Every structure is written in C-alpha cells, then in structure tokens.
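Try each task before reading its solution.

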Amino acid sequence: MFWDKYLKRRAGLFLTIIIGFTLFLSTFSLWQLPMIPLLNASLLFLLIFSVYTIIDYQKFYKYQQQLTNLKIDNAQLTAKLSVQLQRDKDFMDIMRVWTHQMKVPLASMDLVAQTQLPELQKQTFALENYLTILLEYLRVQNTATDFRFDVVNVRELVNTVIKKYAPQFIHKELQVTIVGEATIKTDPKWLAVAIEQIINNAVKYTETGGVTIQVTDQQLMIVDSGIGILASDLPRLFSHGFTGYNGRLDKKSSGLGLYLTKLVLNKLSFDISITSEIGIGTKVIIHF
C-alpha cells in the first residue's frame, strides 16, 4: 500500500547500494578474479538486504498507518470543533438577542417605577444587572471577543460606574469617596465590567457607612464597610457558581459576578485580591 512512498524515501540508499555493488563487480571483472566468491557474497548480501528491507518497510508501514489514522482523527476533531464553535456562536447570538429584548420591558418598568414604585425600580435594576452579567459572561467566553486597548483615565471610569449605582447609594444613604488619579492602557469597556461587579457587591452587602475607592498607577482599591466575607469562603470567591454564605443569605446571588470579574481581569493581564473581616468590611484590589 505504501511501497511507492517507501521507495521514494529510500531511493538514495538503494541507489548507493546499487552503485557500490556495480563497482565491486567491476573490480572482480577487471582483475579477472574468480566469480564464485562474488556470487556467494552477492547471495548473502541479497538475503541480508531482503531481510533488512522487509523489517524496515514494516516499521515504515506502521508509521504511515499511524500518520493516516492521526490525519483522519484530526479531520474528525476539526469537523466536530467547527460544529461546536458554530453551536456556541448560535447560542451566543440567541442569548444576546434575548437579553436585549428583555431590557426593553425592563426599561418601561423602570420608567413607571421612578414615579410610582421605588421598590419596583430597585428590583428591575437588580434584574437588569443579572441580565448584564449573563450577557458579558457569554461575550468574554467567546473566543472571537475583541479587546481594544487604549489610554484610560481610571477615575473617570470609576465615576461612570458609580453614577449607574447612584440610586442604590442614595437609597441606602451610603457615602462614596474616590481618592487619586491614574491613567493606564487597557480596554475601558471590559475594565468597567470588572469594576461594576465589585461595586455591585459593595452596595448589595453594605447597609451603613459607605465605599472608599483609591486610585493609583499600580492598583485600584475598593473598600466597603459591609457585612464582610467568611474566611472559609475567600479561597473560592472566583469559582464558577460559588455564592458563599453571603450569597445564600441574600438568596439572589448568581455566583457569576466575581467569576466574570476574574475572567475579564485575566484577559486584561490584571490580577485581583480580596481581604475581608466579618462585620467590618471588604477590601478588593485590582493590581495593574
């Protein structure tokens, strides 16, 4: 089956042997030496050469079979991967459309809530936030997601996020303090996504006091005076779907917020650390 390939691969070796045997034969002829020893030596050489060729071809045959099987497996895996990527893309498109469609009635409900039902406004904001988390989670998981890096004013970015959560801060009478200035090169949209999840948790789990945000060239530190996080929960905060004690107490945690934050920051080549004390508050640091 693979003889043609084998002969092409070994053509140089076979040609060398033929030339050598021809020279050997010519020597015997020129010097008029007895041909019987040449014939015996030739037969022995032919036997050894035949055995070598058969063994060598068997190795070559197994190698070619393995190579062929690998090519077939690779083609099948590539086809499966292509189908899976298309399914993921279709699912992503469906979820994106669904999420945007959900935001339309939510906006209408929010408009009514602003004048009539403050509690409804709070709940619609929370629902919209959950939908946003889901959408951004799907986007960041998509391998086709583009990150566009630019020079970003971190303080202005934080201010934008704080303005979105202003009604929650006002409703709970929480103070917000922002200290420092810094400009870094990053993707502003995705960094805002990460910061928003941290601010969301700070507002959700803080009833008195407030949130202090410190900006430097090396880090962004967000400190709240909330209920704190159990020490046993800290190592698993960035795990997929982990809600911890606070999440179970709140009964509304998706378990995706901090997981999404970690995914985004990894993509931006930033790191994050969290320390906390029960009843005192939580400190989150994004290391630039």
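**Exercise 1.** What span should the 17 residues of helix 7 have at 1.5 Å a residue, and how far apart are its end C-alpha atoms?

*Solution.* This is a predicted model: local features need pLDDT of at least 70, side-chain atom pairs count only at pLDDT 80 or more, and totals for chains, interfaces and linings use all residues. Residues are numbered from 1 along each chain as its sequence is written, and side-chain values use heavy atoms, without hydrogens and water.

Step 1. Helix 7 covers residues 188–204. Helices are DSSP runs of H or I, at least four residues, numbered from the N terminus.
Step 2. The expected span is 1.5 Å times one less than the number of residues. For helix 7 that gives 24 Å.
Step 3. The end C-alpha atoms of helix 7 are 24 Å apart, which agrees.

**Exercise 2.** Decide how helix 5 is oriented to helix 7.

*Solution.* Step 1. The axes (lines fitted to C-alpha atoms over the stretch in contact; angles run from 0 to 180 degrees between N-to-C directions) of helix 5, residues 154–164, and helix 7 come within 10 Å and cross at roughly 50 degrees.
Step 1. Helix 5 is therefore oblique to helix 7. Oblique is what remains after under 35 (roughly parallel), over 145 (roughly antiparallel) and 65 to 115 degrees (roughly perpendicular).

**Exercise 3.** Is Thr282 buried or exposed?

*Solution.* Step 1. Buried means under 20% relative accessible area, exposed over 50%, partly exposed in between (1.4 Å probe, protein chains only).
Step 1. Thr282 has 8% relative accessibility, so Thr282 is buried.

Note on methods
Helix = DSSP H or I, 4+ residues; strand = E, 2+ residues; numbered from the N terminus.
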